[in-house]
Amino acid sequence: MENFILYEELGAGHNSVVYKGRRKGNLNYVAIKCTDKTKKSEITNHVRLTQDLDHPNIANFYEWYETSNHLWLVVELCTGQKDYKVSNHAVSVCYHLLTV
Ligand SMILES: Nc1ncnc2c1ncn2[C@@H]1O[C@H](COP(=O)(O)OP(=O)(O)OP(=O)(O)O)[C@@H](O)[C@H]1O
């Protein structure tokens with residue numbers, strides 16, 4: 001994660017905090033989701049679902065990192081609350097369909 005600069009917090013979920021961020025040397029902003037490592041299986045499922053998806057309503061997955069206590073997921077920054085909600089809902093629906 002030393003290659004990234006973290007800016008303000010964008011929001012927090014049940015097990016995570018999401019920051020606006022940027023890779024050093026790159027002008028594009030991303031969203032960086034920091035989750036406790038105990039949630040590794042949920043995060044792994046999220047990555048499996050989204051890493052090959054290319055859909056206008058789903059935030060693109062870029063990469064992920066592991067530090068001693070946390071997992072860091074780098075994804076497309078959604079510019080409005082509405083965009084994020086649509087994206088997150090779409091992933092939840094996919095997850096539900098694949099796990100029933
Ligand atoms: N890609 C993104 N772009 C912009 N804002 C985001 C992005 N991802 C998350 N956020 C912001 O961070 C907040 C928390 O996101 P998170 O995905 O952790 O929420 P959650 O799905 O409700 O929580 P959890 O997955 O822990 O149950 C969101 O409500 C949103 O405001």
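The model is predicted: local features need pLDDT of at least 70, side-chain atom pairs count only at pLDDT 80 or more, and totals for chains, interfaces and linings use all residues. Residues are numbered from 1 along each chain as its sequence is written, and side-chain values use heavy atoms, with hydrogens and water left out.

Rings of Phe, Tyr and Trp (its six-membered ring) pair if their centres lie within 6.5 Å; planes under 30 degrees apart count as stacked, over 60 as edge-to-face and the rest as tilted. The count by this rule is two aromatic pairs. Tyr 7 and Tyr 29 are edge-to-face, because their ring centres are 5.6 Å apart and their planes stand at 80°. The pair links distant parts of the chain, 22 residues apart: Tyr 7 belongs to strand β1 (residues 4-12) and Tyr 29 to strand β3 (residues 29-36), strands being DSSP runs of E, at least two residues, numbered from the N terminus.

Buried means under 20% relative accessible area, exposed over 50%, partly exposed in between (1.4 Å probe, protein chains only).

| Residue | Relative accessible area | Class |
|---|---|---|
| Tyr 7 | 31% | partly exposed |
| Tyr 29 | 40% | partly exposed |

Arg 22, in strand β2 (residues 16-23), is buried yet has no salt bridge (a side-chain nitrogen of Lys or Arg within 4 Å of a carboxyl oxygen of Asp or Glu). The nearest side chain of opposite charge, Glu 8, is 10 Å away (Lys and Arg count as positive, Asp and Glu as negative; His and the chain ends are not counted). The side chain of Arg 22 instead reaches the backbone oxygen of Asn 26 at 2.9 Å.

How values were computed: Helices (H or I, at least four residues) and strands (E, at least two) are DSSP runs, numbered from the N terminus. A polar contact is a pair of N or O atoms within 3.5 Å; within protein, one must be able to donate a hydrogen and the other to accept it, and residues adjacent in sequence count only if both atoms are side-chain atoms.
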